[in-house]
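Here is a short report on a protein model. Have the sequence and the structure open as you read.

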Protein chains: 2
Amino acid sequence: MLDYTHVDGLSAADIERLRALYEPLTGSVRDLIDATIRTEVDADAVALAKAEIESATARLRAHQCDGAFGIQYATNGDSMPWGNAVIGVRNPTAPPLVIHKEPDGSARSDFYLGAAFEGPPGHVHGGVSAKILDHVLGDAASKPGVHRLTGTITVRYRRLTPLGKLHSEARVTHTDGFKTYAVGHIADATGITVEAEAVFIEPRWARG
Amino acid sequence: MLDYTHVDGLSAADIERLRALYEPLTGSVRDLIDATIRTEVDADAVALAKAEIESATARLRAHQCDGAFGIQYATNGDSMPWGNAVIGVRNPTAPPLVIHKEPDGSARSDFYLGAAFEGPPGHVHGGVSAKILDHVLGDAASKPGVHRLTGTITVRYRRLTPLGKLHSEARVTHTDGFKTYAVGHIADATGITVEAEAVFIEPRWARG
(Lines give C-alpha, C1' and ligand atoms only; values in the text may rest on other atoms or scores of the structure.)
Protein backbone atom coordinates (compact mmCIF):
# COMPACT_ATOMS: atom_id res chain seq x y z
CA MET A 1 0.00 0.00 0.00
CA LEU A 2 1.21 3.45 -0.88
CA ASP A 3 1.86 6.25 1.54
CA TYR A 4 -0.68 8.56 -0.06
CA THR A 5 -1.88 9.94 3.27
CA HIS A 6 1.33 11.55 4.42
CA VAL A 7 0.59 15.03 5.77
CA ASP A 8 3.41 17.43 6.40
CA GLY A 9 1.40 20.22 7.95
CA LEU A 10 2.45 22.68 5.28
CA SER A 11 0.31 25.75 4.74
CA ALA A 12 -0.48 27.17 1.32
CA ALA A 13 2.12 29.87 1.99
CA ASP A 14 4.73 27.22 2.86
CA ILE A 15 4.06 25.46 -0.44
CA GLU A 16 4.34 28.72 -2.37
CA ARG A 17 7.66 29.51 -0.68
CA LEU A 18 9.09 26.01 -1.33
CA ARG A 19 8.03 26.13 -4.96
CA ALA A 20 9.58 29.58 -5.48
CA LEU A 21 12.80 28.27 -3.91
CA TYR A 22 13.22 24.97 -5.74
CA GLU A 23 11.47 25.37 -9.10
CA PRO A 24 14.05 27.81 -10.60
CA LEU A 25 16.86 25.48 -9.43
CA THR A 26 15.18 22.62 -11.28
CA GLY A 27 14.91 24.79 -14.40
CA SER A 28 18.65 25.46 -14.25
CA VAL A 29 19.35 21.73 -14.08
CA ARG A 30 17.08 21.13 -17.11
CA ASP A 31 19.14 23.65 -19.05
CA LEU A 32 22.34 21.90 -17.91
CA ILE A 33 20.97 18.53 -19.10
CA ASP A 34 20.43 19.96 -22.59
CA ALA A 35 23.92 21.51 -22.60
CA THR A 36 25.50 18.24 -21.41
CA ILE A 37 24.00 16.29 -24.31
CA ARG A 38 24.91 18.86 -26.96
CA THR A 39 28.29 20.17 -25.81
CA GLU A 40 31.42 19.85 -27.93
CA VAL A 41 33.82 21.69 -25.62
CA ASP A 42 37.31 20.35 -24.88
CA ALA A 43 38.65 18.43 -21.90
CA ASP A 44 39.71 21.52 -19.95
CA ALA A 45 36.26 23.08 -20.17
CA VAL A 46 34.60 19.77 -19.28
CA ALA A 47 36.81 19.45 -16.19
CA LEU A 48 35.88 22.95 -15.00
CA ALA A 49 32.17 22.37 -15.60
CA LYS A 50 32.30 18.97 -13.89
CA ALA A 51 33.95 20.47 -10.79
CA GLU A 52 31.21 23.12 -10.55
CA ILE A 53 28.48 20.50 -10.96
CA GLU A 54 29.97 18.32 -8.23
CA SER A 55 30.28 21.31 -5.91
CA ALA A 56 26.61 22.17 -6.49
CA THR A 57 25.60 18.55 -5.82
CA ALA A 58 27.52 18.51 -2.53
CA ARG A 59 25.81 21.74 -1.42
CA LEU A 60 22.36 20.27 -2.21
CA ARG A 61 23.09 16.96 -0.52
CA ALA A 62 24.05 18.68 2.75
CA HIS A 63 20.42 18.28 3.80
CA GLN A 64 18.13 15.98 1.83
CA CYS A 65 15.16 13.64 2.24
CA ASP A 66 15.67 9.89 2.53
CA GLY A 67 14.84 8.02 -0.64
CA ALA A 68 12.66 9.50 -3.39
CA PHE A 69 10.51 12.62 -3.06
CA GLY A 70 7.16 10.88 -2.74
CA ILE A 71 4.01 13.00 -2.67
CA GLN A 72 3.69 15.52 0.10
CA TYR A 73 0.33 16.88 1.16
CA ALA A 74 -0.54 20.27 2.57
CA THR A 75 -2.98 20.81 5.41
CA ASN A 76 -5.55 22.07 2.88
CA GLY A 77 -5.34 18.77 0.96
CA ASP A 78 -3.31 20.11 -1.95
CA SER A 79 -0.90 17.48 -3.22
CA MET A 80 2.69 18.15 -4.23
CA PRO A 81 3.78 15.42 -6.66
CA TRP A 82 6.92 17.44 -7.27
CA GLY A 83 9.25 14.48 -7.86
CA ASN A 84 7.02 12.90 -10.52
CA ALA A 85 8.82 11.77 -13.69
CA VAL A 86 6.25 13.47 -15.99
CA ILE A 87 4.78 16.43 -14.10
CA GLY A 88 7.25 16.99 -11.25
CA VAL A 89 8.22 20.66 -10.93
CA ARG A 90 11.25 19.54 -8.88
CA ASN A 91 12.23 16.70 -11.25
CA PRO A 92 14.69 17.97 -13.90
CA THR A 93 14.00 14.90 -16.08
CA ALA A 94 10.29 15.81 -16.35
CA PRO A 95 9.44 18.16 -19.29
CA PRO A 96 7.43 18.96 -16.97
CA LEU A 97 3.90 18.63 -18.29
CA VAL A 98 1.30 21.08 -17.00
CA ILE A 99 -2.00 19.24 -17.45
CA HIS A 100 -5.29 21.13 -17.48
CA LYS A 101 -8.52 19.39 -16.59
CA GLU A 102 -11.36 20.79 -18.69
CA PRO A 103 -14.95 21.17 -17.43
CA ASP A 104 -15.89 18.11 -19.54
CA GLY A 105 -13.30 16.03 -17.62
CA SER A 106 -10.78 15.80 -20.46
CA ALA A 107 -7.09 16.43 -19.82
CA ARG A 108 -4.96 18.63 -22.06
CA SER A 109 -1.34 19.74 -22.16
CA ASP A 110 0.91 21.76 -24.45
CA PHE A 111 4.58 21.01 -23.90
CA TYR A 112 8.02 21.11 -25.45
CA LEU A 113 10.41 18.17 -25.86
CA GLY A 114 14.07 18.90 -26.62
CA ALA A 115 17.30 16.92 -26.97
CA ALA A 116 16.81 14.95 -23.73
CA PHE A 117 13.78 13.15 -25.20
CA GLU A 118 15.33 11.91 -28.45
CA GLY A 119 15.08 8.44 -29.94
CA PRO A 120 15.27 8.34 -33.75
CA PRO A 121 17.43 11.31 -34.87
CA GLY A 122 15.50 14.57 -34.44
CA HIS A 123 12.43 12.74 -33.16
CA VAL A 124 10.81 11.83 -29.85
CA HIS A 125 11.72 8.41 -28.43
CA GLY A 126 8.67 6.16 -28.85
CA GLY A 127 8.98 5.22 -25.20
CA VAL A 128 8.80 8.88 -24.18
CA SER A 129 5.51 9.23 -26.06
CA ALA A 130 4.21 6.16 -24.19
CA LYS A 131 5.35 7.66 -20.88
CA ILE A 132 3.53 10.92 -21.53
CA LEU A 133 0.34 9.23 -22.74
CA ASP A 134 0.29 6.99 -19.65
CA HIS A 135 0.21 10.11 -17.49
CA VAL A 136 -2.23 12.21 -19.53
CA LEU A 137 -4.73 9.35 -19.87
CA GLY A 138 -4.30 8.62 -16.16
CA ASP A 139 -5.11 12.23 -15.31
CA ALA A 140 -8.26 12.09 -17.45
CA ALA A 141 -9.28 8.90 -15.61
CA SER A 142 -8.65 10.28 -12.12
CA LYS A 143 -10.56 12.64 -9.85
CA PRO A 144 -9.41 14.55 -6.77
CA GLY A 145 -8.97 11.99 -4.00
CA VAL A 146 -9.45 9.01 -6.33
CA HIS A 147 -6.10 7.53 -7.28
CA ARG A 148 -6.33 5.32 -10.33
CA LEU A 149 -3.42 3.22 -11.56
CA THR A 150 -2.81 2.02 -15.11
CA GLY A 151 -4.00 -1.56 -15.70
CA THR A 152 -3.17 -1.87 -19.41
CA ILE A 153 -2.21 0.71 -22.02
CA THR A 154 -1.91 0.25 -25.78
CA VAL A 155 0.06 2.84 -27.76
CA ARG A 156 -0.15 3.07 -31.57
CA TYR A 157 2.45 5.00 -33.54
CA ARG A 158 0.97 6.56 -36.68
CA ARG A 159 4.21 8.30 -37.65
CA LEU A 160 7.35 9.70 -36.01
CA THR A 161 6.87 12.61 -33.60
CA PRO A 162 9.31 15.48 -34.21
CA LEU A 163 11.09 17.06 -31.24
CA GLY A 164 9.67 20.51 -30.45
CA LYS A 165 6.26 21.89 -29.50
CA LEU A 166 3.65 19.19 -28.96
CA HIS A 167 0.15 18.72 -27.60
CA SER A 168 -1.50 15.84 -25.77
CA GLU A 169 -5.07 15.27 -24.69
CA ALA A 170 -7.17 12.44 -23.29
CA ARG A 171 -10.71 11.69 -22.18
CA VAL A 172 -12.67 8.95 -20.44
CA THR A 173 -14.80 6.84 -22.79
CA HIS A 174 -16.66 4.75 -20.18
CA THR A 175 -16.48 3.13 -16.78
CA ASP A 176 -17.25 -0.41 -15.68
CA GLY A 177 -17.21 -0.93 -11.91
CA PHE A 178 -13.70 -0.17 -10.68
CA LYS A 179 -12.39 0.13 -14.24
CA THR A 180 -12.16 3.44 -16.11
CA TYR A 181 -11.41 3.46 -19.85
CA ALA A 182 -9.63 6.38 -21.51
CA VAL A 183 -8.27 7.33 -24.94
CA GLY A 184 -5.89 10.06 -26.00
CA HIS A 185 -3.14 11.16 -28.35
CA ILE A 186 -0.05 13.25 -28.97
CA ALA A 187 -0.09 15.69 -31.90
CA ASP A 188 2.35 18.02 -33.60
CA ALA A 189 1.32 21.10 -35.62
CA THR A 190 0.10 18.95 -38.52
CA GLY A 191 -1.90 16.34 -36.60
CA ILE A 192 -1.91 13.19 -34.49
CA THR A 193 1.35 11.22 -34.34
CA VAL A 194 0.65 8.71 -31.55
CA GLU A 195 -2.62 7.47 -30.03
CA ALA A 196 -3.37 5.40 -26.97
CA GLU A 197 -6.16 3.61 -25.13
CA ALA A 198 -5.95 2.37 -21.57
CA VAL A 199 -7.87 0.95 -18.66
CA PHE A 200 -7.26 2.37 -15.20
CA ILE A 201 -8.05 0.59 -11.97
CA GLU A 202 -8.88 1.97 -8.58
CA PRO A 203 -6.79 -0.14 -6.18
CA ARG A 204 -8.79 -2.24 -3.72
CA TRP A 205 -7.15 -0.51 -0.74
CA ALA A 206 -8.15 2.93 -2.08
CA ARG A 207 -11.86 2.15 -2.52
CA GLY A 208 -14.03 4.07 -0.10
CA MET B 1 13.26 10.05 -43.66
CA LEU B 2 15.78 9.88 -40.88
CA ASP B 3 19.41 10.85 -41.12
CA TYR B 4 20.68 7.40 -40.17
CA THR B 5 23.55 7.53 -42.64
CA HIS B 6 25.43 10.46 -41.18
CA VAL B 7 29.14 9.60 -41.05
CA ASP B 8 31.50 11.73 -39.05
CA GLY B 9 34.70 10.02 -39.99
CA LEU B 10 35.47 9.15 -36.39
CA SER B 11 37.92 6.32 -35.73
CA ALA B 12 37.46 3.78 -32.94
CA ALA B 13 40.10 5.71 -30.97
CA ASP B 14 38.19 8.98 -31.47
CA ILE B 15 35.04 7.38 -30.11
CA GLU B 16 36.89 5.98 -27.11
CA ARG B 17 38.36 9.42 -26.37
CA LEU B 18 34.99 11.19 -26.70
CA ARG B 19 33.30 8.65 -24.48
CA ALA B 20 36.00 8.96 -21.80
CA LEU B 21 35.61 12.74 -21.95
CA TYR B 22 31.82 13.10 -21.82
CA GLU B 23 30.51 10.00 -20.00
CA PRO B 24 31.85 11.01 -16.54
CA LEU B 25 30.37 14.51 -17.03
CA THR B 26 27.00 12.91 -17.73
CA GLY B 27 27.33 10.80 -14.60
CA SER B 28 27.93 13.94 -12.54
CA VAL B 29 24.75 15.50 -13.95
CA ARG B 30 22.76 12.35 -13.09
CA ASP B 31 23.96 12.70 -9.50
CA LEU B 32 22.96 16.39 -9.53
CA ILE B 33 19.47 15.48 -10.79
CA ASP B 34 18.97 13.14 -7.83
CA ALA B 35 20.26 15.79 -5.41
CA THR B 36 18.00 18.45 -6.95
CA ILE B 37 14.88 16.34 -6.36
CA ARG B 38 15.79 15.37 -2.79
CA THR B 39 17.44 18.48 -1.41
CA GLU B 40 16.05 20.35 1.61
CA VAL B 41 18.77 23.01 1.89
CA ASP B 42 17.91 26.66 2.47
CA ALA B 43 17.71 29.58 0.05
CA ASP B 44 21.35 30.63 0.49
CA ALA B 45 22.65 27.18 -0.37
CA VAL B 46 20.24 26.91 -3.33
CA ALA B 47 21.47 30.26 -4.67
CA LEU B 48 25.10 29.15 -4.50
CA ALA B 49 24.37 25.80 -6.15
CA LYS B 50 22.27 27.47 -8.86
CA ALA B 51 25.09 29.89 -9.70
CA GLU B 52 27.55 27.03 -10.09
CA ILE B 53 25.11 25.09 -12.28
CA GLU B 54 24.57 28.10 -14.54
CA SER B 55 28.30 28.66 -14.80
CA ALA B 56 28.81 25.03 -15.83
CA THR B 57 26.02 25.30 -18.41
CA ALA B 58 27.60 28.43 -19.94
CA ARG B 59 30.97 26.64 -20.21
CA LEU B 60 29.37 23.66 -21.97
CA ARG B 61 27.32 25.83 -24.34
CA ALA B 62 30.43 27.70 -25.55
CA HIS B 63 30.65 25.10 -28.31
CA GLN B 64 27.71 22.79 -28.97
CA CYS B 65 25.92 20.95 -31.78
CA ASP B 66 22.82 22.41 -33.41
CA GLY B 67 19.63 20.74 -32.28
CA ALA B 68 19.56 17.31 -30.64
CA PHE B 69 22.47 14.84 -30.59
CA GLY B 70 21.17 12.48 -33.27
CA ILE B 71 23.10 9.30 -33.94
CA GLN B 72 26.69 9.64 -35.06
CA TYR B 73 28.46 6.87 -36.93
CA ALA B 74 32.10 5.92 -36.91
CA THR B 75 34.03 4.92 -40.02
CA ASN B 76 33.89 1.28 -38.86
CA GLY B 77 30.09 1.40 -38.79
CA ASP B 78 29.73 1.56 -35.01
CA SER B 79 26.79 3.75 -34.02
CA MET B 80 26.81 6.24 -31.18
CA PRO B 81 23.20 6.75 -30.01
CA TRP B 82 24.60 8.75 -27.10
CA GLY B 83 21.72 11.20 -26.81
CA ASN B 84 19.07 8.47 -26.63
CA ALA B 85 16.47 8.92 -23.86
CA VAL B 86 16.83 5.29 -22.67
CA ILE B 87 20.37 4.13 -23.51
CA GLY B 88 22.24 7.39 -24.18
CA VAL B 89 25.56 7.51 -22.31
CA ARG B 90 25.56 11.28 -22.84
CA ASN B 91 21.91 11.78 -21.82
CA PRO B 92 21.65 12.45 -18.05
CA THR B 93 17.93 11.62 -18.10
CA ALA B 94 18.63 8.07 -19.36
CA PRO B 95 19.23 5.49 -16.56
CA PRO B 96 21.10 4.56 -18.94
CA LEU B 97 20.19 1.01 -19.84
CA VAL B 98 23.01 -1.27 -21.04
CA ILE B 99 21.23 -3.89 -23.13
CA HIS B 100 22.90 -7.19 -23.93
CA LYS B 101 21.88 -9.20 -26.97
CA GLU B 102 22.10 -12.91 -26.18
CA PRO B 103 23.13 -15.56 -28.74
CA ASP B 104 19.44 -16.58 -28.98
CA GLY B 105 18.54 -13.00 -30.03
CA SER B 106 16.89 -12.01 -26.77
CA ALA B 107 17.70 -8.67 -25.14
CA ARG B 108 18.45 -8.33 -21.42
CA SER B 109 19.32 -5.50 -19.07
CA ASP B 110 19.89 -5.03 -15.37
CA PHE B 111 19.46 -1.43 -14.26
CA TYR B 112 18.72 0.85 -11.34
CA LEU B 113 15.94 3.45 -11.13
CA GLY B 114 16.14 6.12 -8.44
CA ALA B 115 14.20 9.23 -7.43
CA ALA B 116 14.11 10.67 -10.96
CA PHE B 117 11.86 7.84 -12.17
CA GLU B 118 9.15 8.06 -9.50
CA GLY B 119 5.39 8.02 -10.05
CA PRO B 120 3.41 6.54 -7.13
CA PRO B 121 5.39 7.20 -3.92
CA GLY B 122 8.47 4.96 -3.79
CA HIS B 123 7.56 3.28 -7.06
CA VAL B 124 8.44 3.54 -10.75
CA HIS B 125 6.16 5.76 -12.85
CA GLY B 126 4.06 3.46 -15.04
CA GLY B 127 5.05 5.56 -18.05
CA VAL B 128 8.74 4.99 -17.28
CA SER B 129 8.15 1.23 -17.37
CA ALA B 130 6.46 1.64 -20.76
CA LYS B 131 9.38 3.73 -22.00
CA ILE B 132 11.91 1.09 -20.99
CA LEU B 133 9.89 -1.80 -22.41
CA ASP B 134 9.49 0.04 -25.74
CA HIS B 135 13.28 0.18 -26.02
CA VAL B 136 14.13 -3.33 -24.78
CA LEU B 137 11.50 -4.97 -27.02
CA GLY B 138 12.71 -2.80 -29.91
CA ASP B 139 16.28 -3.99 -29.37
CA ALA B 140 15.14 -7.62 -29.39
CA ALA B 141 13.31 -6.94 -32.68
CA SER B 142 16.24 -5.18 -34.36
CA LYS B 143 19.46 -6.42 -35.96
CA PRO B 144 22.61 -4.51 -36.87
CA GLY B 145 21.76 -2.31 -39.85
CA VAL B 146 18.03 -3.03 -39.64
CA HIS B 147 16.22 -0.18 -37.89
CA ARG B 148 12.78 -1.20 -36.72
CA LEU B 149 10.31 1.27 -35.27
CA THR B 150 7.48 0.52 -32.85
CA GLY B 151 4.11 0.07 -34.58
CA THR B 152 1.98 -0.77 -31.53
CA ILE B 153 2.90 -1.69 -27.96
CA THR B 154 0.63 -2.97 -25.19
CA VAL B 155 1.86 -2.74 -21.61
CA ARG B 156 0.16 -4.65 -18.75
CA TYR B 157 0.82 -3.70 -15.15
CA ARG B 158 0.62 -6.72 -12.84
CA ARG B 159 1.61 -4.75 -9.76
CA LEU B 160 3.59 -1.65 -8.80
CA THR B 161 7.32 -1.69 -9.55
CA PRO B 162 9.46 -0.52 -6.63
CA LEU B 163 12.28 1.95 -7.27
CA GLY B 164 15.68 0.22 -7.06
CA LYS B 165 17.41 -2.64 -8.85
CA LEU B 166 15.37 -4.02 -11.74
CA HIS B 167 15.69 -6.35 -14.71
CA SER B 168 14.13 -6.30 -18.16
CA GLU B 169 14.23 -8.78 -20.99
CA ALA B 170 12.51 -9.32 -24.33
CA ARG B 171 12.46 -11.73 -27.26
CA VAL B 172 10.98 -12.01 -30.73
CA THR B 173 8.03 -14.40 -30.97
CA HIS B 174 7.53 -14.37 -34.75
CA THR B 175 7.83 -12.32 -37.93
CA ASP B 176 5.32 -11.67 -40.69
CA GLY B 177 6.75 -9.84 -43.71
CA PHE B 178 7.98 -6.46 -42.55
CA LYS B 179 6.44 -6.97 -39.10
CA THR B 180 8.37 -8.37 -36.13
CA TYR B 181 6.52 -9.37 -32.95
CA ALA B 182 8.19 -9.25 -29.56
CA VAL B 183 7.28 -9.80 -25.90
CA GLY B 184 9.08 -8.86 -22.70
CA HIS B 185 8.81 -7.74 -19.11
CA ILE B 186 10.27 -5.84 -16.19
CA ALA B 187 10.92 -7.71 -12.94
CA ASP B 188 12.08 -6.91 -9.44
CA ALA B 189 13.75 -9.40 -7.07
CA THR B 190 10.47 -11.22 -6.47
CA GLY B 191 9.17 -11.52 -10.04
CA ILE B 192 7.50 -9.84 -13.00
CA THR B 193 5.83 -6.49 -12.36
CA VAL B 194 5.05 -5.27 -15.91
CA GLU B 195 4.79 -7.15 -19.19
CA ALA B 196 4.52 -5.97 -22.79
CA GLU B 197 3.94 -7.15 -26.32
CA ALA B 198 4.63 -5.12 -29.43
CA VAL B 199 4.87 -5.19 -33.19
CA PHE B 200 7.82 -3.47 -34.84
CA ILE B 201 7.89 -2.29 -38.42
CA GLU B 202 10.80 -1.84 -40.78
CA PRO B 203 10.12 1.51 -42.45
CA ARG B 204 9.57 1.36 -46.21
CA TRP B 205 12.52 3.67 -46.85
CA ALA B 206 14.85 1.42 -44.85
CA ARG B 207 14.01 -1.80 -46.70
CA GLY B 208 16.94 -3.05 -48.74
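## A covered helix

A residue counts as buried when its relative accessible area is under 20%. Above 50% it is exposed, and in between it is partly exposed. Keep in mind that this is a predicted model.

Start with helix 3 of chain A. Of its 16 residues, 15 are buried, so by that cut-off the helix is mostly covered. From the first C-alpha to the last, helix 3 of chain A reaches 22 Å. That is close to the 22 Å expected at 1.5 Å a residue.

## One sheet, two chains

Strands of a sheet pair through backbone hydrogen bonds, either parallel or antiparallel. Which kind of pairing does the sheet of twelve strands have? The pairing is antiparallel, and the sheet is open. The strand order is 4(A)-5(A)-7(A)-8(A)-9(A)-6(A)-6(B)-9(B)-8(B)-7(B)-5(B)-4(B). At the edges stand strand 4 (100-101) of chain A and strand 4 (100-101) of chain B. Each has a single partner strand, so one side of each is left without a neighbour in the sheet.

Now look inside the sheet. Strand 6 (residues 149-157) of chain A and strand 9 (residues 191-201) of chain A run antiparallel, joined by eight bridges. A:Thr150 has A:Phe200, in strand 9 of chain A, as its bridge partner. Helix 3 (residues 126-141) of chain A packs on the sheet. Among the strands it touches are strand 9 of chain A and strand 6 (149-157) of chain B. The direction of this helix makes about 55° with that of strand 9 of chain A. Helix 3 (residues 126-141) of chain B packs on the sheet too, touching strand 6 of chain A and several strands of chain B, including strand 4 and strand 5 (107-113). Its direction makes about 55° with that of strand 9 of chain B.

## Two copies and an axis

Two copies of a chain are related by a rotation about an axis and a shift along it. What rotation superposes chain A on chain B? A rotation of 180° does, with 0.0 Å of shift along its axis and an RMSD of 0.0 Å. That is the relation of a two-fold axis.

Of the residues of chain A, A:Thr154 comes closest to the rotation axis, with its C-alpha at 2.1 Å. Both copies use the same surface: 100% of the contact residues of chain A recur in chain B.

## Charged pairs

Side chains of opposite charge can pair when their charged atoms come close. Over all chains, the count comes to 20 salt bridges. One of them joins B:Arg61 and A:Asp34, at 3.0 Å from N to O. B:Arg61 lies in helix 2 (residues 43-61) of chain B and A:Asp34 in helix 1 (residues 12-38) of chain A, so the pair joins two chains.

B:Asp31 and A:Arg61 form a salt bridge, with their closest N and O atoms 2.5 Å apart. This pair also crosses between chains, from helix 1 (residues 12-38) of chain B to helix 2 (residues 43-61) of chain A. B:Asp31 is partly exposed, at 36%. A:Arg61 is partly exposed, at 26%.

Key
Residues numbered from 1 in each chain as written. Chains lettered and ligands numbered in written order. Predicted model: local features only at pLDDT ≥ 70, side-chain atom pairs only at ≥ 80, totals over all residues. Heavy atoms only, no water. Pairing = 2+ DSSP bridges. Helix = DSSP H or I, 4+ residues; strand = E, 2+ residues; numbered from the N terminus. Contact = heavy atoms within 4.5 Å. Axes fitted to C-alpha atoms, helices over the stretch in contact; angles between N-to-C directions. Least-squares fit on C-alpha atoms with pLDDT ≥ 70 in both. Expected span 1.5 Å × (residues − 1). Buried < 20%, exposed > 50% of the residue type's maximum accessible area, 1.4 Å probe, protein only. Salt bridge = Lys/Arg side-chain N within 4 Å of Asp/Glu carboxyl O.
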